[in-house]
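Thanks, everyone, for making the time this morning. I would like to walk you through one model, chain by chain, and then finish with the place where the chains meet.

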Amino acid sequence: MAAQSYGLIATFDTTPDLYHAAEKVRDAGYRNWDCITPFPVHGLDKAMGLKRSIVPRISLAGGLTGFCTGMSLIAWTGGVDYKLIVGGKPYFSPMFAFPVSYELTILFTAFATIGGMFFLNGLPMHYHPVLKYEHIRRGMDDQFFIVIEAKDPRFNLANTKALLEQAGGKNISELEA
Amino acid sequence: MSSTPAATATAGHSAQTTTAATASKALTVGIVGLVLTGLGIAISPDKHGPVMSYLVGFTYCTAIVIGMLMLILIHHIVDASWSVVIRRQYEHFISAFKWLFVLFLPLMIFAWVKPGFVWPWMDLNHELHGHGTVGTDILYQKKAGFLNLGMFTGMTLAFFAGWVWLSSRLRKASFTQDSDGDVKWTFMNRKTAAFGLPIGALTLTFAAIYWVKSLEYHWFSTMYGVWFFANCIRGALAVGVLIMVWLLGRGDYKGILNTNHFYSIGLLSFAFTVFWAYVTFSQYFLIWNANVPEETFWYNLRELDSHGHTTQWWWVGLVILFGHFFLPFLTLLSYRFKVTPHILRRIVSIILVTILIDMCYNILPALKDDHGDSLPFLSLNLVWVLTSVVGVGGVCVWSYLKSFPTTKLIPIRDPRISESLTHHE
């Protein structure tokens with residue numbers, strides 16, 4: 001029984017090789033693909049044509065939620081639900097609600113950022129098809145890989161393989177899902 | 001790294017004549033500003049408004065130059081790399097301290113010739129609104145060891161001596177390294193930073209207390225020096241961005257600055273925007289919450305008149321809240337705004353304007369009418385504030401531009417220069 005294909009993987013020996021190969025894959029119009037490197041490679045995001053992450057927007061939403069939560073919590077408890085005069089101050093003032101709102105802004109921003117990041121990158125991930133690739137351990141040391149997924153609309157076993165070969169990829173093999 | 005030292009040197013050489021021309025223009029504009037301020041003092045019937053406006057303009061420009069000194073010291077103490085290419089511009093700018101000292105002399109003369117004119121506590125016979133004179137005021141007597149003309153003069157001389165000394169040490173070491181490439185200058189600057197930072201922190205705090213806070217000597221705020229420091233750094237970063245954009249546009253910084261330099265300085269501006277807000281809010285909030293008359297009167301002067309109506313200063317406070325915090329905060333959140341030079345330039349220009357408004361807010365309400373109410377914000381004094389800023393600022397810019405052609409554009413033999421040139425690339 002032929003296993004379902006996850007995609008194609010190719011090995012590269014140096015960062016410039018990987019970088020230029022990534023540019024070729026990007027220019028060929030692929031969307032569902034990735035580079036695997038043992039360390040961060042500056043500028044690779046541009047070579048891959050990656051857009052900026054939307055995590056900052058999730059953070060902003062979290063922050064605004066936190067601020068509103070703090071303000072409304074204190075406005076509701078002190079100004080509506082259980083009115084008490086403390087130190088001759090008004091029932092509600094944004095002044096004393098500010099420190100709490102500020103703390104909640106930071107707290108909710110942190111939650112949203114961490115949560116948004118994990119949601120978008122799919123971690124923790126206990127299994128990934130590339131783990132079956134025999135050379136993948138070198139990816140923690142000194143080798144670089146490009147994986148193109150079969151679900152990409154432009155994926156075509158022969159053409160994609162030719163592209164990776166032409167981009168200088170070695171040990172090209174098909175991955176089981 | 002796309003720029004070679006040779007290319008930098010040629011660019012510097014061709015720009016030298018234009019820099020010299022701009023420098024003399026700056027000096028002319030500065031002198032015109034100072035002369036206009038002087039005229040304002042001469043024609044004004046009570047001279048109080050223009051003199052206080054000059055204090056605003058002077059404090060504003062000095063704050064920015066102090067901020068630059070502090071940024072250089074911080075750069076050295078943390079062994080920063082990205083800011084090496086920008087540090088040189090600050091090193092040129094801090095040559096202005098000696099001129100700032102000269103520009104403080106008129107205020108010093110006022111202090112000696114007409115004590116109590118600018119800073120009321122200098123005149124023991126000064127009438128306080130409703131309760132006797134300064135000399136009989138227990139709140140003055142308890143502070144008299146600190147608030148007296150001798151201390152004021154000595155401390156002010158010490159501030160400028162400290163700043164001039166620190167800046168000449170930093171400048172000499174950095175400029176000499178250009179020619180001999182010796183790493184010992186870097187270590188020397190790091191040592192200067194180690195003792196320079198506490199000196200800088202103390203002098204700027206006491207300068208803010210003597211020059212600005214003591215205008216209302218009844219008042220207490222332990223946040224005042226920190227508030228001043230926050231404005232110093234914000235101003236210095238803002239002028240740093242303006243210089244970067246200017247030199248990039250002129251071609252000097254072409255191939256030297258990349259997106260990440262703008263990102264980093266924008267990020268620092270953002271951080272100090274939050275820091276300023278934190279400090280300023282803390283000061284307001286603690287006073288609001290404690291509700292002690294010796295402290296609240298300071299904000300009352302800036303919100304209400306003696307009939308309890310809100311004054312112009314209340315609106316100025318809101319302009320500061322929104323213009324000095326919310327607007328820069330929300331715009332600097334964006335990555336794109338931070339890395340787009342002409343947008344970042346607009347944001348820091350707003351910051352520079354609002355720092356000036358903040359200085360007005362802290363100084364000008366000390367001008368009072370017969371009822372003890374603060375004189376309104378919108379008045380002829382704003383003209384004198386502007387002429388003072390142009391005057392003192394023009395002299396500072398002239399000092400910067402005069403120093404600019406004397407060295408390489410960037411510290412080419414700094415040990416971290418290549419790291420800085422390839423910042424995050």
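This is a predicted model: local features need pLDDT of at least 70, side-chain atom pairs count only at pLDDT 80 or more; totals for chains, interfaces and linings use all residues.

Let me begin with chain B, where, among contacts between residues at least 6 apart in sequence, 78% join residues at least 24 apart. As for secondary structure, chain B has 15 helices and 0 strands. Its radius of gyration is 22 Å, close to the 22 Å that the globule rule gives for 425 residues, so chain B is as compact as a globular protein of that length. The C-alpha trace of chain B spans about 70 × 40 × 40 Å along its principal axes, and 40% of the 425 residues of this chain count as buried.

Turning now to chain A, we find an open sheet of 4 strands in the order 2-3-1-4, with antiparallel pairing. Strand 2 (33-36) and strand 4 of chain A stand at the edges, and because each has a single partner strand, one side of each is left without a neighbour in the sheet. From one strand to the next, the twist averages 20°.

How many of the 8 residues of strand 1 of chain A are buried? For strand 1, residues 5-12, the count is 6, so this strand is largely enclosed by the rest of the structure. Strand 1 of chain A is joined by 6 bridges to strand 3 (residues 144-149) of chain A, and the two run antiparallel; within that pairing, A:Ile9 stands opposite A:Val147, while A:Phe12 has A:Phe144 as its bridge partner. Another 5 bridges join strand 1 to strand 4 (residues 170-176) of chain A, again antiparallel, and there A:Leu8 is partnered with A:Glu174.

Two helices of chain A pack on these strands. Helix 1 (residues 15-27) lies across strand 1, strand 2 and strand 3 of chain A, running at about 20° to strand 3, whereas helix 5 (residues 157-166) lies across strand 1, strand 3 and strand 4 of chain A, at about 10° to strand 1.

Finally, the contact between the chains, which takes 8 residues from chain A and 8 residues from chain B. On the side of chain A that touches chain B, helix 3 (55-81) and helix 4 (94-121) of chain A each supply at least two residues, and helix 4 gives the most, with 3 residues. The residues on that side of chain A divide into 5 nonpolar, 2 polar and 1 charged.

Technical notes: Residues are numbered from 1 along each chain as its sequence is written. Chains are lettered from A and ligands numbered from 1 in the order in which they are written. Two residues are in contact if their C-beta atoms, placed from the backbone, lie within 7 Å. Ala, Val, Leu, Ile, Met, Phe, Trp, Tyr, Cys and Pro count as nonpolar, Asp, Glu, Lys and Arg as charged, and the others, Gly among them, as polar. A residue is buried if 20 or more other C-beta atoms lie within 10 Å of its own, exposed if 12 or fewer, and partly exposed in between; C-beta atoms are placed from the backbone. Two strands pair if DSSP finds at least two bridges between them. The radius of gyration is taken over C-alpha atoms; the globule rule is 2.2 Å times the number of residues to the power 0.38. Axes are lines fitted to C-alpha atoms, for helices over the stretch in contact, and angles run from 0 to 180 degrees between N-to-C directions.
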